[in-house]
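Biologist: Hi! Could you walk me through this one while I look at it?
Modeller: Happy to, let's go.

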Amino acid sequence: MTTTTTKRARASYKLPPDIDVIELIERAKQEFYVDPSVIGIGVGARRRADEIRHTETALIVYVKCKLAKSDVAGPHLIPDSFEGIKTDVVQPFSAAAPEEALGFAESHQESEDMAFIDWGRLHEQWLAEAGGTVDFHGKVQDVGDVSVIEDDGTLVKTINGRQVVDFVQAYKLFRTTHDDIYDFVTFFTDTPSGMPPQGGSSWYRFVYNDVEGIGLSPFDYRAPFGTNKMQGIMFLNRGHFPLWRYVMLQEQGHRWASFAPYKESSSGPTKTDHMLGGWGHWTLNFDDDVSSMDYDTFDWVESDGHFERISIPSESRGYCNLDLYLMGLLNRDEVGDFYLLSNLSQVSGNRYTATKKLLNVHNIELANGIRNPSAATAQKLFKNAFVVLTKDIDASHDYIVEVDQLRVRFEQDFREATKSLGRVDTTLGETQVELTPSQVGALTGGAMTALHRHSVRPWDLAVTGTQFTGSIQPGQTQRWFTYNWHPAYVANWSVLPTTTDGKVAWSVEAERSSNGRLTYWIVIRNVGTIPTAFEARYALMR
C-alpha cells in the first residue's frame with residue numbers, strides 16, 4: 001500500500017508577483033472585518049518591534065488597539081498568515097506614531113499606513129457612536145479658490161489618546177457648499193490653530209477605479225463619501241511643502257501608478273522586481289527617468305558601458321513615459337523602451353556596472369492587459385479641490401494664502417510633469433477651460449471683461465521654451481515629433497547645438513490631428529563632423 005502526501009506551501013513574508021492585491025485586500029476584509037477594531041487592510045513592509053524590514057512584505061491588518069494574543073477572543077484573533085502570506089498586526093494610532101513630518105523617503109511606511117486606513121469604516125463607526133447624526137456648528141467657506149472648514153470639535157476624534165481627523169466627514173462638509181464635480185480632494189491641516197498634524201506623512205487614499213490594464217482591479221469605495229465622481233483623496237503634510245512638487249506629483253500619480261507588474265513572455269512568470277516591495281513605487285534599480293513615483297532620488301544614465309546615478313532635485317521631478325501611459329496620456333507606441341538593472345557593482349562614486357534588461361509596454365500588457373480606456377479616450381482634465389481644515393478661520397489667513405500659492409503652482413507642475421498632455425484644474429466651481437489667446441488679451445488688456453473667475457496662468461503667457469533635447473551622430477538624420485499643440489498658437493521651431501563646434505540643420509512640418517490639435521514633425525540633421533547634442537526650442541505666436 002502506498003500513500004501520497006501533498007505538501008502545503010509555507011506562508012512567507014513575500015507578495016506573490018501574480019497576486020491581485022486589491023482582490024486580496026477585499027478577501028481579507030471579508031475575513032477580518034467581523035472585528036470592529038480592525039480599521040483597514042493593506043500590504044507593506046513587516047514590522048518587528050521598532051524595526052521596519054523592507055525586504056519582508058506582509059498582509060497588514062490595522063487595528064485600533066493591538067493586544068497580546070492571550071487577550072484576544074478566538075474569533076477576533078488574527079492568524080499568522082492569510083492565503084499563504086504572512087500577516088502583521090499594526091496599530092497605526094499609537095504613542096509611537098510620529099507627530100511631526102518625517103523626511104519624504106523616511107515617511108514611506110507611515111504614508112502607506114495612512115493610505116490603507118479605511119476612513120469610511122471609521123466614519124461609519126464614529127457616526128454610529130454619535131447616534132447616527134452629527135450637528136456641525138463650525139464654518140465652511142471659500143477663501144478665493146481654497147475651501148476652508150473651521151472645526152467645531154466634531155471633525156476630530158480620539159483613538160488611543162491620539163487625535164484623528166474624520167476625513168469622510170470633512171469631505172461631506174465640503175460638499176455642503178460644492179457640487180459633486182471633483183475627481184480629487186486634497187486636505188491640509190492648519191496645525192498652529194490646533195488641528196492635529198496627522199502623523200509624519202503625506203498620502204493618497206483610493207476611492208474609485210474603473211481603469212483596466214494598470215495593475216489595479218476595479219473598486220468602488222464611494223458610498224461612505226456620498227459621491228458619484230470622486231476618485232481619491234489626498235493629505236499633504238505641511239512639513240513636506242519644501243518638497244512640494246515631488247510629493248504632490250507622487251500622491252496624485254498614485255491614482256494610476258505604480259502597480260503594474262510585467263512579463264518577459266506570454267508564457268513566462270509575472271514579475272514585480274521593478275517595484276519597491278513588489279507594489280506601489282518604482283524601485284531604485286528601475287530606470288524611471290525623473291519619475292516622482294519612487295522613493296529614491298536618482299536617475300540612471302548609461303554611458304560607456306556604465307550606469308551612473310544622477311541626483312534629482314524635487315523641482316526636476318515629473319512622470320516617466322510609463323507613468324504617462326498608465327495615466328492614459330501616452331499611446332502604447334509612444335512610450336519606448338525602459339530598463340531594469342541587476343547585478344549592480346560599484347565602479348567608483350555613483351558609477352556602476354550592471355546587467356541591463358530592456359522592457360516596453362508590451363511586457364506590461366502581457367501581465368495586465370491593454371489599458372482601457374486608451375489614451376485616445378482617457379480623461380485628460382481633472383478637478384482637484386484644495387481644502388484647509390482649521391480651528392480658527394480668522395487666524396489662518398497666512399496658511400490659506402500659502403496653500404493657495406501651492407494650488408496655483410500645482411496646476412503648472414502637473415502640466416509640465418505630463419509634458420502638457422494632462423491638466424488639473426484646482427479652482428472651485430465649474431471647470432475652468434483653457435483660455436484662448438483673445439481671452440488672455442481681454443484679461444491682460446486693462447479693460448472690463450465678461451470673463452468670470454478666470455485667471456491668467458503661467459503657461460498662458462509662456463511664449464518660449466525648450467521642448468526636448470537629444471544627440472545625433474555625424475551625417476545622421478533623425479525625425480522627431482511633438483504633439484497636442486493648441487491650434488490657436490503657431491510655434492516657430494529652432495534647433496540649436498549645445499556641443500562646441502557642433503552643427504545641425506532642421507526642417508519642420510505641421511500636421512493637424514483628428515482632435516484638432518497640431519503635431520510638429522522636426523527633421524534634424526548633423527551637418528558637422530562630431531557627435532552633437534542639441535535642444536529644440538519653440539517660440540509661440542498668438
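Modeller: A term to start with: two strands pair if DSSP finds at least two bridges between them. And keep in mind that this is a predicted model.

Biologist: Thanks! What is the strand order in the open sheet of 3 strands?
Modeller: The order is 21-24-23, and the pairing is antiparallel.

Biologist: Which strands stand at the edges there?
Modeller: Strand 21 (477-485) and strand 23 (504-512) do. Each has a single partner strand, so one side of each is left without a neighbour in the sheet. From one strand to the next, the twist averages 20°.

Biologist: Over how many bridges do strand 23 and strand 24 pair?
Modeller: Over 9 bridges, in the antiparallel sense, with strand 24 covering residues 518-526. If you want a spot to look at, Glu509 stands opposite Trp521 in strand 24.

Biologist: Nice. What about strand 25, which strands is that one joined to?
Modeller: Strand 20 (residues 464-472) is joined by 8 bridges to strand 25 (residues 532-541), and the two run antiparallel. Strand 22 (residues 490-497) also runs antiparallel to strand 25, again with 8 bridges.

Biologist: Which residues in strand 25 are the bridge partners of Thr464 and Pro497?
Modeller: For Thr464 the partner is Ala539, and for Pro497 it is Phe534.

Biologist: Now hairpins. How many residues sit between strand 14 and strand 15?
Modeller: There are 2 residues between them, and Asp304 in the turn has a positive phi of about 55°. Strand 14 (residues 298-303) pairs with strand 15 (residues 306-311) in the antiparallel sense over 6 bridges. Val301 has Glu308 of strand 15 opposite.

Biologist: On to helices. At roughly what angle do helix 3 and helix 4 cross?
Modeller: Roughly 85°, with the axes of helix 3 (residues 119-129) and helix 4 (residues 167-175) coming within 8 Å. That makes helix 3 roughly perpendicular to helix 4, because angles of 65 to 115 degrees count that way.

Biologist: Which residues meet there?
Modeller: From helix 3, Trp119, Gly120 and His123; from helix 4, Phe167, Val168, Gln169 and Lys172. The residues of that contact divide into 3 nonpolar, 3 polar and 1 charged.

Biologist: And helix 2, why would you call that largely enclosed?
Modeller: Because 9 of the 9 residues of helix 2 are buried. Among them are His108, Glu110, Asp113 and Phe116. What covers them includes helix 1 (21-32), strand 1 (38-48), strand 2, helix 3, strand 10 and helix 5.

Biologist: Last one: Thr57. Buried or exposed?
Modeller: Thr57 counts as buried, at 9% relative accessibility, because buried means under 20%. Thr57 is found in strand 2 (residues 51-63).

Biologist: What does the Thr57 side chain reach?
Modeller: The backbone oxygen of Gly277, at 3.4 Å. Not counting residues up to four places away in sequence, Thr57 touches Ser12, Tyr13, Lys14, Leu15, Gly44 and Gly277.

Biologist: Great, thanks for the tour!

Definitions and conventions. Residues numbered from 1 in each chain as written. Predicted model: local features only at pLDDT ≥ 70, side-chain atom pairs only at ≥ 80, totals over all residues. Heavy atoms only, no water. Helix = DSSP H or I, 4+ residues; strand = E, 2+ residues; numbered from the N terminus. Axes fitted to C-alpha atoms, helices over the stretch in contact; angles between N-to-C directions. Parallel < 35°, antiparallel > 145°, perpendicular 65-115°, else oblique. Contact = heavy atoms within 4.5 Å. Nonpolar A, V, L, I, M, F, W, Y, C, P; charged D, E, K, R; others polar. Buried < 20%, exposed > 50% of the residue type's maximum accessible area, 1.4 Å probe, protein only. Polar contact = N/O pair within 3.5 Å; in protein donor to acceptor, adjacent residues only side chain to side chain.
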